[in-house]
Amino acid sequence: MEKDLDKYAANTTTKMEEQTDQKAKDPESNTLHEPLLKRNKTLSSSPLALVGTKVSCNESLDYEINENDLFKHDWRTRSQAQVLQYVFVKWLLAFLVGLLTGIITTLINLAIENIAGYKLLAVVKYIERKRYMMGFLFMTLVNFMLTLFATLLCVFFAPTAAGPGIPEIKAYLNGVDTPDMYGATTMFVKIFGSIGAVSAGLDLGKEGPLVHIGACIASLLGQGGPDNYKIRWRWIRYFNNDRDRRDIITCGASSGVCAAFRSPVGGVLFALEEVATWWRSALLWRTFFSTAVVVVVLRAFMEYCKTGECGLFGEGGLIMFDVSGVSVKYHVVDLIPVTVIGIIGGVLGSLYNYLLHKVLRLYNVINAKGKLAKILLSLTVSLFTSMCLYGLPFLASCTPCHPSAIDSECPTTGRMGNFKKFNCPKGHYNDLATLLLTTSDDAVRNIFSTNTPGEYSVFSLLIFFALYCILGLFTFGIAVPSGLFLPIILMGSAYGRLLGMAMGPYTTIDQGLYAVLGAASLMAGSMRMTVSLCVIFLELTNNLLLLPITMLVLLISKTVGDCFNPSIYEIILELKGLPFLEGNPEPWMRNITVGELADIKPPMVTLSGIEKVGRIVDVLRNTTHNAFAVVDTTMVPSVGQMSEVHGLILRAHLLLVLKKKWFLKDRRRTDEWEVREKFTWVEVAERWGTIEDVAVTKEEMEMYVDLHPLTNTTPYTVVETMSVAKALVQFRQVGLRHMLVLPKCHGPTVPPVVGILTRQDLRAHNILSAFPHLEKSYETRKVC
């Protein structure tokens, strides 16, 4: 056996020497057995994602079940009643997530509709009295103060509350820890900041923040409350682990989408298609249950508000943008403009992603200058938005009302209605004011309106489209809670309606339905979602007859957009430095083995099954690794001393041992009862600070610790000859944090473990930093 191993090592060395003498070859021609020698000395452990001048370093999450002795004993001793109680608490948490998300969403909508509504009513009164400057000053000042309020909350109390929060949720469910994203302070800042920012008339929506709020509610419920005021009930503490927390946050994200669009099925599909990396049928049922509770709560509050007890928030039903009042008839010839809408959506969506990427990098430089720079940037955007929303309607000419329209419908003088009088004489309306001098939700309703073919002029729609393209680029990224859904819907609906007007008598589809298709196309071109968007738009518009052409538009837009750049959320993930693992490995990853990656990493640190306390403390103080291989040495007859891998122990468990001072004076294995007397499975599932929080005396340093009971004896392992592509798929689908690489051959002179791979080791950028000659292959990869 030793001769075979020596022969194997000699052959490997010979091959490596021959490859060193060869010239650089095409990386795509390498086989799995040929090591790629043109590389740097070490594999980078830091993520790419430079945000301005900052490098983001994020820990990973432990989604893997840690099957140590404590877990196995707890699982064996659980009674049927305890299992049912555990399942019941899961469903109870899903119910509470839906209930609280629905209540908070209703309060947010109530506040926004009343604040923005009374502001617009006051502006309209100034305009009716011809006091145009006073109306402008009033509107600008109110928007300024609301934006300042939202910005101050984000800058000074919860910087992580700025933005939509969806990319961070997506990264968390992928296995990346996003600190301070789900705390109570972040949630409250998100709630009140969204109210201030949306009420200020900024070109942003509350949909993204609602998804984040739902995730915050779920996280707080799952861990028993804020960090400083946690409920220590036993069954709540069972959910204080990354695995169960992932499931409950998935329920929160789907509930947030459902609350934003009143779309229960769309919320579930959004979580499945866009944010969740790991999915199973039980999770599907709980997310559907949460969204059902949200819809019931929203419906109950809407019925109550119809009594007039909610101020200006009382009109409308569960369907936000109902277009079911028009019959949908289309023929084969109508597929031509529908296809054109899809192509335009894909091109404009990718162009929007490209430009927004540039703007966000610029904003990162500005925001890096300090808190004052963030505040001034937000206020500058607010002033520019107010000037445009108030001043541009004066450029539009007044349009006479249709003779068939009654006086109460045209013109309208309140904050709502399709025919805003603005500065026009009696019997006339201003179509641009109808779209700009209103809330974002009402603007969507107006532009989606059906059976109104001559309501808007081409000039007004062009101004509206150009304005919201500019505002959509420069508003997103400021220090306020913001969403991307509504700005993209407004942009897409504008060019969709323009195309419908251009088709004129050549189509049987209503202009309002063209606006719906335009909004769907731009969302698919930017966000690259299909199934969930299709269902969301059907539930938004309440028109099932739109299903075939909506599906066609979404598929075309996504396909066209994918040919140019990634989705907007992937771009934000890269800018934020979150090491997200994609589902599809690069083609060149099949030509690199995990053994080669492990070979260029720093030397691996292992621990013995029975280890000295001093050795453990030294390892924890001098390394940042979060897991260590536990290796036992045994005597095998006729072979000699052999080393074998017992399993993997987490850093958190070593800290728990040191904190509880579970030390032995003699070097021996412990009995099962000794472990259960000192630890519980719930304690092992939680995290336990840092090594700096632990005090160990000099005498204790010479004592021993039996690591066997706390070691995960069934870690996921791969053989060193496996390709990186295959390992990446397994790593992502199972939700791993660590992957052990084992040697292909075993023997007395062969180390029992080759190395440990983490998500940083499997990221394309970090691999390319170690294998520079793959850069050409990486840059010319196909994206279509």
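Reader: How many disulfides does the structure hold?

Author: Welcome! This is a predicted model, and the structure holds two disulfides.

Reader: What makes Cys 305 and Cys 310 a disulfide?

Author: The sulfur atoms of Cys 305 and Cys 310 are 2.1 Å apart. A pair of cysteine sulfur atoms within 2.5 Å counts as a disulfide, so Cys 305 and Cys 310 qualify. Both of these cysteines are buried.

Reader: Why is the disulfide of Cys 305 and Cys 310 called left-handed?

Author: The answer lies in the torsion about its S-S bond, which is about -75 degrees, so this disulfide is left-handed.

Reader: How do you know that Cys 398 and Cys 424 form a disulfide?

Author: By the cut-off again: their sulfur atoms lie 2.1 Å apart, and the limit is 2.5 Å. This disulfide is left-handed too, because the torsion about the S-S bond of Cys 398 and Cys 424 is about -90 degrees. Cys 398 sits in the loop between α13 and β3, while Cys 424 sits in the loop between β3 and β4, so the pair ties together parts that are 26 residues apart in sequence.

Reader: Why is Cys 398 called partly exposed?

Author: Its relative accessibility is 30%. Buried means under 20% and exposed means over 50%, so Cys 398, at 30%, counts as partly exposed.

Reader: And what makes Cys 424 count as buried or exposed?

Author: Cys 424 has a relative accessible area of 3%. The cut-off for buried is under 20%, so Cys 424 is buried. Cys 534, at 8% relative accessibility, counts as buried by that rule as well.

Reader: Let's turn to a helix. How many residues of α18 are buried?

Author: Helix α18 is mostly covered, with 17 of its 17 residues buried. For the protein, 56% of the 784 residues count as buried.

Reader: How do you know what span to expect for α18?

Author: Helix α18 runs over residues 511-527 and has 17 residues. The expected span is 1.5 Å times one less than the number of residues, which gives 24 Å for α18. From first C-alpha to last, α18 reaches 24 Å, close to that expectation.

Reader: What caps the N-terminal end of α18, and what follows the helix?

Author: Asp 510 is the cap: one of its side-chain oxygens lies 2.7 Å from the backbone nitrogen of Gly 512. After the helix comes Arg 528, whose phi is positive, near 60 degrees.

Reader: How many helices and strands does the protein have?

Author: The protein has 30 helices and twelve strands.

How values were computed
Residues numbered from 1 in each chain as written. Predicted model: local features only at pLDDT ≥ 70, side-chain atom pairs only at ≥ 80, totals over all residues. Heavy atoms only, no water. Helix = DSSP H or I, 4+ residues; strand = E, 2+ residues; numbered from the N terminus. Buried < 20%, exposed > 50% of the residue type's maximum accessible area, 1.4 Å probe, protein only. Polar contact = N/O pair within 3.5 Å; in protein donor to acceptor, adjacent residues only side chain to side chain.
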